[in-house]
Amino acid sequence: MRILLDDGTLKKAKDIKIGDYVNTYHETTLEKGFYKVTQHEVFESERILLKFDHIDFICSLSHKFYINGVWIEASKVNIGDVINNHKLIDIKPYEYG
């Protein structure tokens, strides 16, 4: 997965460093913007493929999405959920390749 940085470049999630500014939603205010990375861990974990109406998204089971006013882990999302105005249409296991 590639992450948008404040300088307009894309960086692989595993290459993000503490101090980088990434384009995301603030975890408490939900305001979209560039926020400083204050913690970063890289580990191999089980992943899933989430197919939306516009894009495929690969993430860990613990990746969190903000749905209907609460943060929900990817392992608990359901087909039909709407995330960022896009409908989730399929969920599949992801195999490293």
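Let me begin with S60, which is found in strand β6; strands here, like helices, are DSSP runs numbered from the N terminus, a strand being E with at least two residues and a helix H or I with at least four. This is a predicted model, in which local features need pLDDT of at least 70 and side-chain atom pairs count only at pLDDT 80 or more, whereas totals for chains, interfaces and linings use all residues. Residues are numbered from 1 along each chain as its sequence is written, and side-chain values use heavy atoms, with hydrogens and water left out.

S60 has a relative accessibility of 17% and therefore counts as buried (under 20% relative accessible area, with exposed over 50% and partly exposed in between, using a 1.4 Å probe and protein chains only). Leaving aside residues up to four places away in sequence, S60 touches S45, E46, R47 and A74, contact meaning heavy atoms within 4.5 Å.

Turning to the sheet, four strands make up an open, antiparallel arrangement in the order β6-β5-β10-β9, where two strands pair if DSSP finds at least two bridges between them. β6 (56-60) and β9 (82-83) stand at the edges with a single partner strand each, so one side of each has no neighbour in the sheet. Strand β5 (residues 47-52) is joined to strand β10 (residues 86-94) by six bridges, the two running antiparallel, and L49 stands opposite K92 in β10.

Finally, Y21 lies in strand β3 (residues 21-25), and this residue is partly exposed, with a relative accessible area of 34%.
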